Amino acid sequence: MNENKNYLKNYDFVSEDVKFAANSIIRLRILAALFEKPQNMKNLADLTRLSYSSISSTIHGLELKDFVYRESNKYYLSNSLRVIMKHILELKDVVNLLSRFFNIIEGHVVHMIPKKSVGELHMLCNSDLLESGGIDAYKIYNFIEDALVDANDVRCILPFYHLDFNKQLNYLVNKGKHVEMMVSHEIFEIYEEKSESKYLSSFKLKNNFLLIVTDKMMIFGLFKENGHFDQNRLVTSRNGDAIEWANNLFKNFKKKNK
């Protein structure tokens, strides 16, 4: 709560700085180069392909705002601007992500995702949208089953019962693999009877989301606004950041539903 209050307190000041940093392509190109590491004038010219005069005038304006400082012929970002640049780059990633994943967000139930996980959506920027057409109606479910075959560690949020998923999860349990499951309270009795996992709990929300995260992959699916699970689209990734996001989502959701 205190963290949120601090954000609100500084919002107007930070937003103006964000506008200043982001409203010039030349400025952004220079700042992006400095965000990676300190640069001298020649390196900045090589990286940005801008003229020395453009770089010099832009750097001068940034120095006047104490966003950039010079030391031993190299330019450095101030700590305050480094934070701003991190937010700008994360926002850019999220905008690109939403553009690519428009089909799985538009017309879908997304308010069930914990706010903390929404704030970390930029971690999914290297994820893929898996879609199935009318030709292969079982593509999504087959993909999930294949992902479970070689898993050593699995955490699931399951809003529906699927016989083949449960068989595969039981197979992993019997091989000594860690399998933790959160299932909808409406189907908890089914899983309680048919699942062999020692780590089984329930949640009361309806039209939630599907989450499967293993040591190698994350899989995320949403319900449509009409109450039906979208069996034609999944967000998937083997990227470490995406897997971390999925594990954080599982923890956040579990904490929220204790």
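A residue is called buried when its relative accessible area is under 20%, exposed when over 50%, and partly exposed in between (1.4 Å probe, protein chains only). The structure discussed here is a predicted model, in which local features need pLDDT of at least 70 and side-chain atom pairs count only at pLDDT 80 or more, while totals for chains, interfaces and linings use all residues. Residues are numbered from 1 along each chain as its sequence is written, and side-chain values use heavy atoms, with hydrogens and water left out.

Consider the aromatic residues. Rings of Phe, Tyr and Trp (its six-membered ring) pair if their centres lie within 6.5 Å; planes under 30 degrees apart count as stacked, over 60 as edge-to-face and the rest as tilted. The structure holds 9 such aromatic pairs. In one of them, Tyr 69 and Tyr 76 are stacked, at 5.3 Å centre to centre with 10° between the planes. Tyr 69 has a relative accessible area of 37%, so it is partly exposed; Tyr 76, at 23%, is also partly exposed.

Phe 220 and Trp 245 form an edge-to-face pair, 5.5 Å centre to centre and 85° between the planes. This pair links distant parts of the chain, 25 residues apart: Phe 220 lies in strand 8 (residues 218-222) and Trp 245 in helix 11 (residues 240-256). Here helices (H or I, at least four residues) and strands (E, at least two) are DSSP runs, numbered from the N terminus. Phe 220 counts as buried because its relative accessibility is 6%, and Trp 245 because its value is 0%.
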